[in-house]
Amino acid sequence: MEQRLRNEAQTLLEQGKVDYIVGFEPGSLKFTTTPLITKDKSDTARLVINPFIVNNLANFLTELQGRVGIVAKGCDSRSIVSLIQDNKVAREDVVILGVPCPGIVDLSKVEKLVGKDRDELDSVTREGDKVVITTDGRTDEFPITEVLFDNCLGCELPTPQEYDILLGEPTSPVGESAVSKAKIDQLKGVSPQERWEFWKNEFSRCIRCYACRNVCPACFCRRCFVEESEPQWVLPTPLWQDNLIFQVTRNIHVAGRCTDCGECERACPVNIPLRSLTKEMYDIVGELFQFKSGMDKDAAPLMTHYEQEEAEEFIR
Ligand code: SF4
Ligand code: SF4
Ligand code: SF4
């Protein structure tokens, strides 16, 4: 798949079909990748596909001018479709290099599993439904489901639905795992007061770095409401109350656009369980409106139309 990607990307640049290729190259740290954005066909030799291609690259599409060939996993391709629905990206300006995705490895889960820091690990490889971890000359095997990101354990569509070139055979979801929604179900099982205390504590730790917003393809406003000064919706100081308002508002803004790619939670430097909000909103959107984000590029975005049968009187 990796070699095919390199060949396809090189051909797209050589034939002038795209101005940029956006993919992944090896990161500077072990077991990491970093986005590669290039116009140079010789750079395509650095493209990689491996269990660590974590970023949702759709985020770059609203920044680049011209035609873009972009590597997209299942959730990323849905983010691209969602951007097309919102007229943020033109379909003809994107060549989607689809990656059937068997799930991305969460290194913090690997570290916990073997009780080692990532720098102490010699290798982490995927072999079918197992992960093989070598450290200090010792090799351990675990079910792959023990090390995938929670959102990958609940992934509905790992194979891109919208693509121009599919780089491998379609793959099936790993199967909805109880772990995928464990944090959310735990929160749902407590009283509203306990839940309030939980989020108060969590958002007291937020440093308002905006990493969660900046990595999110669904957060595409040129000027975010948190940066408005007239009116000033939230103070720049990271008080827990304002941090909570920021996240609640962000969640409403991405409702019907969020594809449960998990990037916001992964990017948070203080490990706030943001997916407990975004995945819950994703499910509520599904239940209330029978709508899944990024499924149909020709469908109207969820929040831009209404039906005569809407439950709420005010909208009719
Ligand atoms: S959510 Fe699905 S498509 Fe996205 S990275 Fe995880 S397994 Fe891959
Ligand atoms: S990434 Fe985490 S710390 Fe940064 S603004 Fe978002 S919730 Fe706060
Ligand atoms: S809100 Fe989070 S999970 Fe949803 S699309 Fe944005 S980054 Fe991905």
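**Conventions**

This is a predicted model, in which local features need pLDDT of at least 70 and side-chain atom pairs count only at pLDDT 80 or more, while totals for chains, interfaces and linings use all residues. Residues are numbered from 1 along each chain as its sequence is written, chains are lettered from A and ligands numbered from 1 in the order in which they are written, and side-chain values use heavy atoms, with hydrogens and water left out.

**Exercise 1. Determine the strand order of the open sheet of 5 strands, and state which strands stand at the edges.**

Step 1. Strands are DSSP runs (E, at least two residues), helices are runs of H or I with at least four residues, and both are numbered from the N terminus. Two strands pair if DSSP finds at least two bridges between them.

Step 2. The order is β2-β1-β3-β4-β8, and the pairing is mixed.

Step 3. β2 (33-38) and β8 (165-166) each have a single partner strand, so one side of each is left without a neighbour in the sheet.

**Exercise 2. Describe how β1 pairs with β2 and with β3, and then how β3 pairs with β4.**

Step 1. Strands of a sheet pair through backbone hydrogen bonds, either parallel or antiparallel.

Step 2. β1 and β2 run antiparallel and are joined by 6 bridges; P26 has T33 in β2 as its bridge partner. The two strands form a hairpin with 6 residues between them, and F31 in the turn has a positive phi of about 60°.

Step 3. With β3, β1 pairs in the parallel sense over 3 bridges, and V22 stands opposite I70.

Step 4. β3 (residues 68-72) and β4 (residues 94-98) also run parallel, joined by 5 bridges. Here V68 stands opposite V94.

Step 5. For burial, β1 (residues 20-26) is mostly covered, with 6 of its 7 residues buried (under 20% relative accessible area, using a 1.4 Å probe and protein chains only).

**Exercise 3. Characterise the largest cavity and the ligand that takes its space.**

Step 1. A cavity is a set of points, on a 1 Å grid over the protein atoms alone, where a 1.4 Å probe fits but cannot get out; lining residues have an atom within 4 Å of a point. Grid points are joined across faces, edges and corners, and a volume is the space filled by probe spheres set on the points.

Step 2. The structure holds 5 cavities of 30 Å³ or more, and the largest contains about 300 Å³ of space. Its lining comprises 31 residues, with C75, N151, C152, C155 and D260 closest to the centre.

Step 3. α2 (74-85), α4 (150-153), α9 (263-267) and α10 (275-289) each give two or more residues to this lining. The largest share, 4 residues, comes from α2.

Step 4. Ligand 1 takes the space of this cavity (more than half of its atoms lie within 2 Å of the grid points). Around ligand 1 are K73, G74, C75, C101, G103, I104, N151, C152, C155 and P158 (each with a heavy atom within 4 Å).

**Exercise 4. Identify the surroundings of ligand 3 and of the cavity in which ligand 3 sits.**

Step 1. Ligand 3 sits in the second largest cavity, whose volume is about 160 Å³.

Step 2. Of the 19 residues lining this cavity, C216, A218, C258, T259 and C261 lie nearest its centre. α2 gives the most to the lining, with 3 residues.

Step 3. The residues surrounding ligand 3 are C216, R250, C258, T259, D260, C261, G262, E263, C264 and T278.

**Exercise 5. Which residues lie nearest the centre of the largest pocket, and which helix gives the largest share of its lining?**

Step 1. A pocket is an open set of points with protein on both sides within 12 Å along at least five of seven lines. About 720 Å³ of space lies in the largest one.

Step 2. Its lining has 26 residues, and D106, S108, F149, R266 and N271 lie nearest the centre.

Step 3. α3 (107-114), α4 and α9 each supply at least two lining residues, and the largest share, 4 residues, comes from α3.

Key
Buried means under 20% relative accessible area, exposed over 50%, partly exposed in between (1.4 Å probe, protein chains only).
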